[in-house]
Amino acid sequence: MTPDATLGHALALARSPRTPARATPPPRRPYPWTGTPLALPATAPDPDGPVDLDHLLRHSLRARPGPGGRFRPAASAGALHPVRAHLLIGPGCTLPPGRYAYDAEVHRVFRRGPAPRGAAPGVIAVLTVTAAHTAAHYGHRAWPLLLLDTGHTAAALALAPKGPGVRVSLDTDAATLAAAAGLPPADRWQRIRPGTETEHPLAAVQVTPRRTQRTAPALDRWAALPLPHRTRTPTRPPARPCGTGRLLELLGAATGTELAWHPVRRPATVTGRALLERRSADPAALGHPPDGETVARLLHTAATAWPGGPAWCAAVATPAPALLAPGHHTATPYRLARGDARPSLAHWAAGQLWLADTGAALLAHGCPSDAPASQIRHDHLAAGFAAGTAHAHAAAEGINARPVGSWQQADLGAALGDTPGLDWVLHGLALGAAR
């Protein structure tokens, strides 16, 4: 079976009403990248200075201090946070050049090797996911959630820098990303690093100093470096492979015809404080509708966050129940359909009945049933990125918001009278009134 056919079958299964068979979560393995943990230097705010890695990671990936350290600024399905970051640091940063791994639980980095000659200024964060815990919790629905989680994390990193100079890639192949980060390929991981969880690279974020001429990320220079030596001899038996991991391998190898790094600018109202305070609101806080202008602004942010990503619309109850689409080159939405879509959304979103009473909901939709593997990967990563950007914008405006990632039988196109199988709900962001 071809990769496109395999992933098409997996996508149909993830969208089906079949209940996941939950498994006992595997024991959490210790953070695999060890050595001497390095603190991230705190510097005085200077938009024209080097890339402030402490600020960047504190506002995007760092776990909240306190018991458990479970909550991070980047949203995650089930609060499992499977996304890790490997930092490729060139000149112009607050740490010396080299390869590093970042541990969000302790807000420390571990140096894993030198930088290549001619490394681009700034930092490239290679984002990887581990599949075991998400697969144990969500079964056959896990892999789309891992893609959405990665998109949210890429958005968190892209919005955190204080100045411009941010670019994101959602299409670079996993082999290039793994080699650049000094990671074994997925199919050789357990032979090279037995006893550790396989990490699947899916995206990358580049941040450059403001006064540096924009240069290509030049991942090939990092990829030419040898794999770093192991710094730990694992004592646990090798991790058992899972079907989700195999799907992630296929997705990592699926790339579009044109690989691009897209520039990113965060919404003007998004501040560092808003990024730190962003949380997935309790459904009970989402029962009152936001005003129409706020919905229009957030819908515009989601629809324009990633070029070539899936389309977005908004389900609203006031002033009249309707499904709204963003206007062309304007933030003013137009009516796509009459009627209250929220009861259908509650049915489609894995039975989350509170959605029937939520104030409003932004919806990413697209990715037809016969989409090639490259589009499946891109549309889900882009949907997570756009939802993460809109979530940060909502936090900046004091709007309660909650991402909704699991959707079954959510054929939006068919519900609107179009050909079935062409236009599916991929992701959602439920909205409430201002806090």
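User: How many bridges join strand β11 to β13?

Analyst: This is a predicted model, in which local features need pLDDT of at least 70 and side-chain atom pairs count only at pLDDT 80 or more, while totals for chains, interfaces and linings use all residues. Residues are numbered from 1 along each chain as its sequence is written, and side-chain values use heavy atoms, with hydrogens and water left out. Strands (E, at least two residues) and helices (H or I, at least four) are DSSP runs numbered from the N terminus, and two strands pair if DSSP finds at least two bridges between them. Strand β11 covers residues 360-366 and runs antiparallel to β13, and the bridges that join them number seven.

User: Which residue in β13 is the bridge partner of His 365?

Analyst: With β11 and β13 antiparallel, you can look for an individual bridge. For His 365, the partner in β13 is Val 425.

User: Thanks! What about β12: how many of its six residues are buried?

Analyst: Strand β12 (residues 399-404) is largely enclosed by the rest of the structure. Buried means under 20% relative accessible area, exposed means over 50%, and partly exposed lies in between (1.4 Å probe, protein chains only). β12 is called enclosed because, of its six residues, the number buried is five.

User: And which residue of β13 is paired with Val 404?

Analyst: β12 and β13 (residues 424-434) run antiparallel and are joined by five bridges. In β13, the bridge partner of Val 404 is Gly 428.

User: Which strands are at the edges of the sheet?

Analyst: The open sheet has six strands in the order β10-β9-β8-β11-β13-β12, with antiparallel pairing. An edge strand pairs on one side only, and that is the case for β10 and β12.

User: Is Leu 336 buried, partly exposed or exposed?

Analyst: Leu 336 lies in β10, residues 334-338, which is one of the edge strands. Because its relative accessibility is 36%, Leu 336 counts as partly exposed.

User: How many bridges does β8 make with β11?

Analyst: Strand β8 (residues 311-316) is mostly covered, with five of its six residues buried. One of its bridges to β11 links Ala 315 with Ala 361. β8 and β11 pair in the antiparallel sense, and their bridges number six.

User: Which two residues are joined by a cis peptide bond?

Analyst: Look in the loop between β8 and β9, where Pro 319 is found. The cis bond has an omega of about 0° and joins Thr 318 and Pro 319.

User: Why do the buried residues of α5 line one face of the helix?

Analyst: In helix α5 (residues 174-181), the buried residues are Ala 174, Leu 177, Ala 178, Ala 180 and Ala 181. Seen down the helix axis, and judged by the directions from that axis to the C-beta atoms, they line one face because they fall within an arc of 165°.

User: Is Cys 367 buried or exposed?

Analyst: Cys 367 sits in the loop between β11 and α12. Its phi is near 50°, a positive value in a residue other than glycine. With a relative accessible area of 1%, Cys 367 is buried.

User: Where is Ala 79 found?

Analyst: Ala 79 also has a phi near 50°, positive although the residue is not glycine. At 22% relative accessibility it counts as partly exposed. Its place is in the loop between α2 (53-58) and β1 (83-89).

User: What distance separates the C-alpha atoms of Leu 345 and Pro 185?

Analyst: Leu 345 is in helix α11, residues 342-348. It counts as buried because its relative accessibility is 2%. Leu 345 and Pro 185 are 160 residues apart along the chain, and their C-alpha atoms are separated by 39 Å.

User: Last one: what separates the C-alpha atoms of Ser 369 and His 133?

Analyst: Ser 369 is in the loop between β11 and α12 (373-396), and at 36% relative accessibility it counts as partly exposed. Ser 369 and His 133 are 236 residues apart along the chain, and the separation of their C-alpha atoms is 27 Å.
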